[in-house]
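Work through the exercises below with the sequence and the model at hand. Each task is followed by a stepwise solution.

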Amino acid sequence: MSWTDKIGSLLNQYSTAGGAAAQPAPDVHAHFDEVAQAVPSGTLAEGIAAAFRSDKTPAMGQMVSSLFAQSNGEQKAGLLNQLISGINPATLTQILSGAGLGGILSGLGSSLTPAQAQQIPPEVVQDMANHAEKANPSIVDSLSNFYAQHSALIKTLGGGALTIALAKIAQRQNPA
């Protein structure tokens, strides 16, 4: 049985033309859980990317900052390492030094550790995400793939973002 057979009827309620603009369903969090468990991670990532790019949600940097604040140390380090790969080293130095965190760079090996990641405040992550997105818009896809592996965090973005993600997945299931 394919994932579309398992959750097709659930996704149908998100596949209307106005699905992404509609009020979130009261049980959108439960629907998202069910879909996240059934779809391939690439499909889930497409839905998350649609929420990040939507003009009906906060800016991507703000959303990533919010997700970062809800993350554990391992997740924070994973996110930051994704962002660092998309930022020019001089810009990264400027962002971290401006926040009084220049010392983190001296201890930076090939990637940040969870302990180092815990030292970085969400506002700095928002700045990093904004710079990374401007420099390389495909960072949204990279971050979406990361969060597809941590889908429980996505639920903290709220019903509107989840509705947009589910609408994108429904669209993929039933291309027009």
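**Exercise 1: burial in a helix**

Helix 4 (residues 60–69) is mostly covered, with 7 of its 10 residues buried. Here buried means under 20% relative accessible area, exposed over 50% and partly exposed in between (1.4 Å probe, protein chains only). Helices (H or I, at least four residues) are DSSP runs, numbered from the N terminus. The model is predicted: local features need pLDDT of at least 70, side-chain atom pairs count only at pLDDT 80 or more, and totals for chains, interfaces and linings use all residues. Residues are numbered from 1 along each chain as its sequence is written, and side-chain values use heavy atoms, with hydrogens and water left out.

Task: list the buried residues of helix 4.

Solution: Met 60, Gly 61, Met 63, Val 64, Ser 65, Leu 67 and Phe 68 are the buried ones.

**Exercise 2: a helix pair**

Task: describe how helix 2 and helix 12 pack.

Solution:
1. Helix 2 (residues 28–38) and helix 12 (residues 159–173) have axes 10 Å apart, at an angle of about 40 degrees. Axes are lines fitted to C-alpha atoms, for helices over the stretch in contact, and angles run from 0 to 180 degrees between N-to-C directions.
2. The two helices are therefore oblique to each other.

**Exercise 3: one residue**

Task: is Val 28 buried or exposed?

Solution:
1. Val 28 lies in helix 2.
2. Its relative accessibility is 1%, so Val 28 counts as buried.
3. Val 28 and Thr 163 are 135 residues apart in sequence, yet 6.8 Å apart in space, C-alpha to C-alpha.

Conventions. Angles under 35 degrees count as roughly parallel, over 145 as roughly antiparallel, 65 to 115 as roughly perpendicular and the rest as oblique.
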